[in-house]
Every structure is written in structure tokens, then in C-alpha cells.
Amino acid sequence: MLTRPIPLVLSASASTSALITPIPHISKPPTNISTWIQTGVWYHVALVFDGSLATNQRAQLWINGALDTTATETSAAIPNYASNVLIANTHPGAVNWFTGLVDDVRFYRRALNQSEIQSLAAQNFAPSVAAGPASPATNSVPVALNGLVIDDGKGGPLTTHWDKMTGPGDALFANSNLVATTVTFSQAGPYVLRLSATDTQVEMSSDLVVNVSPNPNIYEDWLTLNFPGIIDPAIIGIFADPDNDRAQNLLEFALGMNPSTSDAFPFGPHQPGLPVGQIRSIFGTNYLALLVKHPIGRIGVNYASEVSSDLTTWTPGVQDGIPFGNGDGTETVIFRDPLPLSESSQRFIRLKVNKSP
Ligand SMILES: [Ca+2]
Ligand SMILES: [Ca+2]
Ligand SMILES: [Ca+2]
């Protein structure tokens with residue numbers, strides 16, 4: 001496939017042998033060949049050397065099964081040079097690389113005739129499919145897929161499709177019909193994805209192994225990271241307190257604390273911890289408030305407050321402003337009592353953490 005017009009040259013010398021030589025002609029049509037080369041289109045190109053023909057017929061360029069150009073070659077045979085064959089460049093160190101795709105290169109030890117070249121030019125080749133490379137993936141975070149599918153344009157309309165073959169959870173593709181798309185996994189673990197392509201006559205596919213890392217912002221993954229291999233609900237349950245610090249696991253998760261360490265103390269400047277109470281003055285009126293510091297990005301957790309005068313009947317508190325970031329991956333949100341302190345002899349405020357399914 002050519003991305004800009006170029007002529008093609010067959011040459012051989014003691015220093016190099018160039019099979020397809022790029023000579024850029026960006027602003028003018030190619031002069032070495034007759035066929036107008038269009039960008040974005042596949043061409044079948046055959047370069048033939050036949051030393052048995054008259055000198056002015058020995059080098060032939062065929063494009064899509066039609067003889068395009070003949071050129072003079074005085075040699076009756078191709079010498080056995082020690083130099084390398086180059087494809088898509090003229091000589092080692094050259095910078096004018098061919099800026100397109102080259103596929104299914106074949107060498108023949110004899111000159112093909114017209115019917116053989118036409119047969120090759122008409123042949124439908126299967127799509128070439130590469131599903132990779134794999135990107136690092138994290139549970140529930142969209143990750144880019146960068147597959148590559150190329151076809152010769154023959155056979156029929158080219159269509160592609162992504163599928164999940166194996167894996168512990170779901171693989172949700174943004175658009176499974178696009179080679180380049182994103183996928184979001186619903187659980188950590190190893191997955192195999194398959195990229196398939198068909199030109200209606202031949203279908204080809206390529207598999208991609210993706211190891212999806214646990215996401216510490218998801219409770220189940222956070223458990224896996226903190227309690228690998230443990231399934232005892234007395235240890236991993238959301239209300240369990242295996243470190244006996246009276247902070248249940250869900251609260252430890254929500255506040256970024258350590259479920260294996262007794263660390264249920266009020267949070268500090270650079271340490272997670274329990275919420276901190278405060279009296280806040282708003283336009284001269286004092287309210288009971290609660291400062292809650294928690295990691296940014298926890299998934300499936302709701303933070304709210306409740307207030308009470310008797311520790312028996314609880315009603316919702318209100319959020320005071322928007323959370324402010326602490327620059328260390330955490331943010332602080334302030335909840336407060338909607339009732340001024342002056343209107344009750346005693347008030348209580350508490351944090352309520354909910355986990356959505
Ligand atoms: Ca094809
Ligand atoms: Ca605990
Ligand atoms: Ca703890």
C-alpha cells in the first residue's frame with residue numbers, strides 16, 4: 001500500500017541490490033512508471049528480470065498484472081553479489097524510506113510469464129491480523145487496544161471484531177468492531193482477547209494475553225492486595241475488624257487505612273485516619289463539623305454524615321463546600337450539622353460510609 005506516489009526501480013550492483021526503491025515524488029507524478037499510483041490502495045507489483053530477452057526487454061515492471069514499463073539491461077544474468085537485498089530502501093544508511101506497507105514479498109528463481117503474474121495479481125490473500133501489543137491494564141480502568149489489520153483489498157469488504165476468549169470477568173469493548181478501541185475489564189486476572197478479521201472469503205485472527213492488575217480503589221481488589229488468598233469472611237468481610245482497631249474493613253478501605261494494622265487514629269497531615277471534629281463558624285454562627293480525609297478515586301463508596309442530639313435518632317448532615325485536594329492522592333471533605341450549635345445543648349456528628357454493589 002502506498003501512502004504517496006513513488007516510482008519503483010529494479011537495480012543491482014556490487015554495493016547493494018534494491019528490489020523496491022523509494023524515490024519520493026511528492027509534488028510531481030512519477031516518471032519511471034506509467035501507472036498513476038494512488039495513496040491508500042494496494043498494488044500487486046512484479047519486477048521481472050529475463051536475461052534471455054533482447055537487452056531492451058530484460059527488466060520488466062508489472063503492476064496489477066499488467067506490463068507497465070520495460071527497461072534496458074545489458075547483463076544476461078544476475079551476478080552472485082555478496083551484498084544484501086534491500087526492500088523499501090536504496091542502500092544502507094539511506095533516509096528516503098518507502099512510506100507505505102509492503103506485504104507478501106516473494107522471490108522466484110526464474111522469470112514468471114504473463115499468465116503467472118496475472119494469476120498472482122488476481123489472487124485474494126487473507127487479512128493479516130496482529131492483536132498486540134498488550135498495554136498494562138488495571139481492573140475497571142479503560143485500556144487502549146492497538147491491533148493492526150491489513151488486507152490486499154480483495155475478497156470483499158474487510159470487517160474486524162474483538163472478542164473475549166477467556167478471563168475471570170467481563171471485557172467491555174468501547175467498539176468491538178474497531179481495531180483501535182478501548183476495553184474495560186470487570187475483574188483482575190489473566191484474559192485472552194481475540195482480534196478477528198475477514199474479507200468475506202478468509203477469516204484470520206490473533207490472540208492477545210492481557211494480565212489485568214488489581215485496582216486498589218475497588219474493595220474486592222483492595223482485599224486481595226491486603227489479604228492475598230484469604231476467603232474467611234471473619235477477616236475480609238466489610239464489617240470485619242481483623243486488626244481489632246474498631247475500624248471495620250469498609251471504613252479502613254474508604255479512608256485509606258491499613259486493615260492489618262491498628263491505625264484508627266485521627267488523620268494527620270501525611271497519614272490517613274479517622275475523621276476529625278471541628279467547630280465551624282459560618283457568618284458568625286457556629287456549627288459542629290467533621291473533616292473526612294480519604295483517597296481520591298475510591299470506586300463504589302459513598303461518604304455521608306449524620307447528626308444527632310441523643311445518639312439515638314440520626315438525621316443527615318450536609319456537605320460544606322466541595323472536597324479539596326491535599327496533593328498526595330487524598331482529598332478532604334467537610335460535613336456539618338445543619339443546626340447551629342446554639343440551638344441544642346449537645347450535638348453529635350458521624351461519618352457514614354456505604355458500599356454500592
Ligand atoms: Ca483479501
Ligand atoms: Ca480494623
Ligand atoms: Ca487498621
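**Stop one: a run of paired strands**

Select residues 159–166 and 189–198: these are strand 11 and strand 14, which run antiparallel and are joined by seven bridges. Strands here are DSSP runs of E with at least two residues, helices are runs of H or I with at least four, and both are numbered from the N terminus. Two strands pair if DSSP finds at least two bridges between them. Click T159, and you'll find its bridge partner in strand 14, T198.

This is a predicted model, where local features need pLDDT of at least 70, side-chain atom pairs count only at pLDDT 80 or more, and totals for chains, interfaces and linings use all residues. Residues are numbered from 1 along each chain as its sequence is written, with chains lettered from A and ligands numbered from 1 in the order in which they are written.

P190 sits opposite N211 of strand 15. Strands 14 and 15 make a hairpin with four residues between them, and T200 in the turn has a positive phi of about 80°.

Next comes a three-strand open sheet, ordered 19-18-23 with antiparallel pairing. Strand 19 (315–316) and strand 23 (348–355) are at the edges with a single partner strand each, so one side of each has no neighbour in the sheet. Select 301–308 for strand 18, joined to strand 19 by two bridges; E306 faces P316 in strand 19.

**Last stop: I238**

Where is I238? Look in the loop between helix 3 (233–236) and helix 4 (249–255).
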